[in-house]
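Subject: Structure handover

Hello,

Here is the structure I promised. Please open it alongside this note; the findings follow below.

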Amino acid sequence: MTNALSVLSTQPRAALAATAAAAAAGGLLAHKWNAAVQNKRLEKGFLRASRRHRVGDDTDSDEKPALVAKVDAQFFANLTAFVKICIPGVASTEFLALSTVAALLGARSYLDLWASSNGGHVVKAIVGRDKDAFIQKAIIDIATMMFPMSFVNNSLKYMISRLKVLMRRRLSMHFHDKYLSSNTFYKVSNLDSRIRNIDQLLTVDIEKFCSSMADLYSNISKPSFDIILFSRQLSRSLGPSGPICMILYFGFCSIILRAVQPPFGQLAADEQRLEGEYRLHHSRLIAHSEEIAFFGGGGREKQYINLAFDNVVDHLKKLFAARWRNGFVDAILVKYLATVVGYSIVSIPVFFTDSMVFQVLNHPRRFLAGNTRSKKKTDPETTSASNIAGLYTRNSRLLLQLASAIGRLVLAGKEITKLTGYCQRVTRLQHVLDDLGDERAVQKRFESSPDLERDLKLAELMIPGELIVGSEDEGPEKNVVRFSGVNLLSPDCTILAENLTFEIPRGCHVLTTGPNGSGKSSLFRVLAGLWPLYGGTLHRPSRSRIFYVPQRPYLALGTLRENVTYPMTWTEAVQQKGATDDLIIELLEMVHLGDITRRKGGLDAVQDWAEVLSGGQKQRLGFSRLLFHKPDYAILDEASSAVSIDVEQLLYQSVKDCGITLISVSHRPSLWSFHDKVLAFDGEGSYEFREIKAGDVPSLVSGVPGSSGT
Ligand SMILES: Nc1ncnc2c1ncn2[C@@H]1O[C@H](COP(=O)(O)OP(=O)(O)OP(=O)(O)O)[C@@H](O)[C@H]1O
């Protein structure tokens with residue numbers, strides 16, 4: 001054995017490192033072979049998903065993903081795009097973290113190497129009964145190195161966690177910018193059906209995606225570096241045959257594992273989707289708890305929730321079974337059989353040092369020269385029992401480290417597959433948000449139907465309209481509400497009104513009426529830019545000159561004071577509008593909410609106001625907001641339906657007294673007297689816009705005869 005080890009120790013082969021890396025990379029490339037056939041199909045599905053805009057069309061929804069999570073060119077292109085977002089440049093904190101992780105991984109590899117070598121020295125000192133060497137290697141050296149080792153190990157854990165958070169922050173901010181601009185958050189759930197559980201995507205999926213990317217980075221870079229380092233060391237002492245055999249064995253393993261591996265990427269994507277659906281049911285229960293409780297709907301909701309949870313559990317069972325089967329094969333090939341192969345390799349020089357195969361592999365030149373005898377066979381330096389033990393320990397440790405590094409690289413393939421699942425979901429999110437952020441893309445393309453006449457009509461009506469928004473510094477004549485030839489269509493392409501043409505100058509108060517579902521609120525959605533504009537031209541005042549007061553006013557988390565100034569923060573309200581506590585109290589008194597300012601906490605009270613206030617109180621708070629902002633126009637969509645008639649009259653009068661032009665929707669005849677004109681929808685695609693005359697009220701309340709246009 002001494003001879004064998006000493007002979008082998010004379011063969012440094014740097015080129016082996018490159019061979020090692022290439023062979024390991026071959027394992028990863030196996031992904032590409034498997035996915036090649038799927039590429040075309042996947043690309044088509046991806047494009048179809050990104051171009052689809054139809055509302056209510058579930059064929060490409062999150063429910064049935066068209067994208068298949070696979071390792072292919074498309075995946076690498078998507079991954080590269082996200083990496084660029086997460087690590088924006090060499091001057092970024094993220095790049096610094098990435099480089100630090102790389103440096104720490106390198107340091108860790110060198111420390112592993114040192115530990116293997118030191119282990120050999122310790123064994124040598126024990127077998128050789130060399131007390132001084134033992135004290136030096138087993139006590140002094142380890143005591144010295146424990147500080148850098150502990151530092152590197154913990155710093156590595158810390159930096160990888162930090163890298164994950166930094167990348168997550170970048171990606172989350174990127175998506176927040178998209179999601180919270182151009183009212184995309186509204187469009188995602190109201191105009192598009194591709195994503196059902198966006199909260200899950202924005203929170204859990206992004207976190208898992210970034211975490212998986214950072215883990216993969218360390219799981220690929222460290223083993224790759226280890227393979228180079230350990231192969232070099234081993235080839236110096238064992239000759240190239242040992243590392244080559246090990247690498248060939250793992251190359252074989254990676255092919256087998258590729259062939260039997262379940263589609264972990266798709267399984268991960270499905271898991272996230274099902275978790276999202278389960279979570280959605282809980283969110284809905286929280287959002288509508290009162291209504292459901294009134295109906296006694298707990299039992300029914302339990303059915304929905306249990307069903308969604310059962311789907312998660314069934315999927316997890318499937319996933320765990322797949323992992324078990326795969327883990328079984330993994331453990332045999334990459335762990336146990338690899339150890340057998342490792343020991344066999346270490347033993348070859350011991351038992352077969354004089355064999356021809358061994359000589360050809362490790363000493364080809366010497367073999368060709370006809371000299372097959374080892375030069376060091378009689379060298380006492382390498383023949384003593386302590387040296388044999390020391391070299392054996394060191395080499396076997398190095399070989400096991402090499403095996404472990406290649407094994408980890410092979411298993412990183414599984415991580416990549418999982419990453420494809422997260423990447424697929426995050427890519428879908430990116431495409432949908434991009435689509436919805438682009439006004440033109442939101443313009444619906446209707447699906448052709450057997451009804452040719454309807455299709456022709458829709459093709460005629462659904463041409464993109466022109467939106468002209470007045471600027472802040474322009475006068476009232478430019479900041480006006482004017483519809484010219486606008487067609488009103490719901491997202492499912494129902495024609496609500498054609499050729500809407502009317503103008504609402506400042507000071508002209510307009511009441512909108514019509515049967516339920518006739519398009520009153522939809523008109524305001526188009527006016528606010530939430531729904532796409534079709535047909536002619538729409539002139540709209542700048543954002544600060546028009547204010548919307550809905551039937552259910554949104555109440556923000558925060559103080560009472562900030563709820564009055566919403567969407568402005570208190571600081572903005574003070575700076576831009578000179579807000580004071582006295583003004584807020586005065587406004588709340590005007591809307592008959594003075595009593596809540598006298599409750600505990602006063603204006604500073606932070607509550608879940610949506611829960612604390614009654615329906616009528618919430619609406620009155622909505623009016624206080626309107627009076628605070630004092631816009632040119634107020635859209636009041638059933639804004640006082642829960643307020644008593646006497647207080648409602650006072651509220652409308654206060655708004656008019658502030659010089660705000662009313663554009664209201666209300667079914668209450670008592671409000672007619674506050675308006676000058678009526679815009680009446682008949683629910684069949686026609687409307688009327690005219691002056692309110694005495695005696696008009698009853699006929700208009702019950703609908704308008706089918707006259708189209710003004
Ligand atoms: N997000 C949506 N997707 C598809 N259709 C919608 C959507 N929102 C509203 N609709 C449809 O548009 C039509 C007009 O709705 P709208 O809310 O404008 O009615 P409305 O006149 O305000 O009724 P109400 O008096 O009951 O408030 C209805 O048929 C409604 O079903």
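Is Asn183 buried, partly exposed or exposed? Asn183 counts as partly exposed because it has 16 C-beta neighbours inside 10 Å. The cut-offs: buried takes 20 or more other C-beta atoms within 10 Å of a residue's own, exposed 12 or fewer, and partly exposed lies in between, with C-beta atoms placed from the backbone.

Two notes before the rest. This is a predicted model, where local features need pLDDT of at least 70, side-chain atom pairs count only at pLDDT 80 or more, and totals for chains, interfaces and linings use all residues. Residues are numbered from 1 along each chain as its sequence is written.

**Backbone**

Asn183 is not a glycine, yet its phi is positive, about 55°. It sits in the loop between helix H5 (131–179) and helix H6 (184–190). Helices (H or I, at least four residues) and strands (E, at least two) are DSSP runs, numbered from the N terminus.

Cys493 also has a positive phi, near 65°. Its loop runs between strand S2 (481–489) and strand S3 (495–504). Cys493 counts as partly exposed, because it has 19 C-beta neighbours inside 10 Å.

Tyr566 and Pro567 are joined by a cis peptide bond, with omega about 5°. Pro567 is in the loop between helix H19 (560–565) and helix H20 (570–577).

**Ligand**

The ligand is surrounded by 15 residues. A residue is near it if its C-beta atom, placed from the backbone, lies within 6 Å. The closest are Ser490, Asn516, Lys520, Ser521 and Ser522. Helix H18 (residues 520–527) gives the largest share of the shell, three residues.

Best wishes
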